[in-house]
Amino acid sequence: MRGLLFMAFRNLRRVLKMGSPLSSLKLALAVGTISRPQYRGLFLQLLRPFVHDGAITVRYRCYERTYTTVLRMPDLEADCASTLELGVSDIYRLDRNFKPDLVVDGGGNIGLFTLLAAASVLPETKAPVKFVICEPLPRNIDQIRRHLMMNGVEAELMPFCLGGTRRSIPFYCRSANQSSFDAHEAYESVMEIPVVLLADAIRNNPAERILIKLDIEGMEIEVLSAFVPGEQRAVCVLGELHHVPVNAPLIQQLFHDHGWTLELFDTGEETSSFRACSPAAAPLLEWASQVKAPNLLGKEA
């Protein structure tokens, strides 16, 4: 996740216009408890009337829909970051020209990408759209269920991690958006988690257009290497790439070898957002026609 202070500054105007003045105020105060630590006590006092059962409810507009999200006080920083990224902004630059009949949310966190995709797709299509969310952290799964129920969106929940081979491996639990397979950073607890393939999430679904989001904390190359070579349908993949110095050349080569279009953007020292599409999907996506070749660190290959 990007720095909360940067996101808050960049999205301040959007926060103020995201919904009702009261919801905008609650989110601004919640973000302020983290981005302005010197005023944390004051912001918490101002938030106190809005805290019920350890959480703050915020409503926001998403395309033609209005959604409700719940900011958990123990996970306030993580939930604020998710709300800024997917409720106030759209870090993945979702292209509404692509009309998927299957959406796979890999690394679902608290479900806000699925809500975003549902708001984008459902008003404009009469065909059924299936949503699948892969998220291993139990407290996030509870929050996903809560958000789906509150906002009238149906999705299949898979309490697994995505990977390149089926196995079971240790999963290191940290904050709500920082848990991963990496044991090098401090962690709160360890779980043994089943790892499944993207093909397992898609299964025998007859979908012809598939939208995939991957925010899976470093497993993206492994997942895509197992998926891309055999996929012929119209597929659009949005995600966050970790360990950019090592993985950017790998993801560039992978997509190039199989004729996919790749764009890296918002690239930092260690992470970058990316979007990619299969040859069958490229004519359906406006951005794909503007990408001449896979990009590496913002430069044409």
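Predicted model: local features only at pLDDT ≥ 70, side-chain atom pairs only at ≥ 80, totals over all residues.
Start with strand β11, residues 234-242. Of its 9 residues, 9 are buried, so the strand is largely enclosed by the rest of the structure. In a regular strand, side chains alternate between the two faces of the sheet. Both faces of β11 are covered. On one side sit A234, C236, L238, E240 and H242, all buried. On the other sit V235, V237, G239 and L241, also buried.

Next, look at the neighbours of β11. Strand β10, residues 209-214, pairs with β11 in the parallel sense over 6 bridges. Within this pairing, L214 has G239 of β11 as its bridge partner. The chain gets from β10 to β11 through helix α9, residues 220-227. This β-α-β crossover is right-handed. Strand β13, residues 271-277, pairs with β11 too, over 7 bridges. Here the sense is antiparallel. C236 stands opposite C277 in β13.

Now move to strand β8, residues 167-173, which holds I169. I169 has a relative accessible area of 16%, under the 20% cut-off, so it counts as buried. Its contacts beyond four places in sequence are F181, M191, E192, I193 and V195. P194 is 25 residues from I169 in sequence, yet their C-alpha atoms are 6.7 Å apart in space.

Y39, L42 and L46 make a nonpolar patch of about 300 Å². L42 belongs to helix α4, residues 40-47. Is L42 buried or partly exposed? Its relative accessibility is 49%, so L42 counts as partly exposed.

Key:
Residues numbered from 1 in each chain as written. Heavy atoms only, no water. Patch = residues over 30% accessible without salt bridge, like charges linked within 9 Å, V, L, I, M, F, W, Y side chains within 5 Å. Areas by Shrake-Rupley, 256 points an atom, 1.4 Å probe, with all protein chains shown as cover. Salt bridge = Lys/Arg side-chain N within 4 Å of Asp/Glu carboxyl O. Helix = DSSP H or I, 4+ residues; strand = E, 2+ residues; numbered from the N terminus. Buried < 20%, exposed > 50% of the residue type's maximum accessible area, 1.4 Å probe, protein only. Contact = heavy atoms within 4.5 Å. Pairing = 2+ DSSP bridges. Right-handed = clockwise from strand over helix to strand, strands pointing away.
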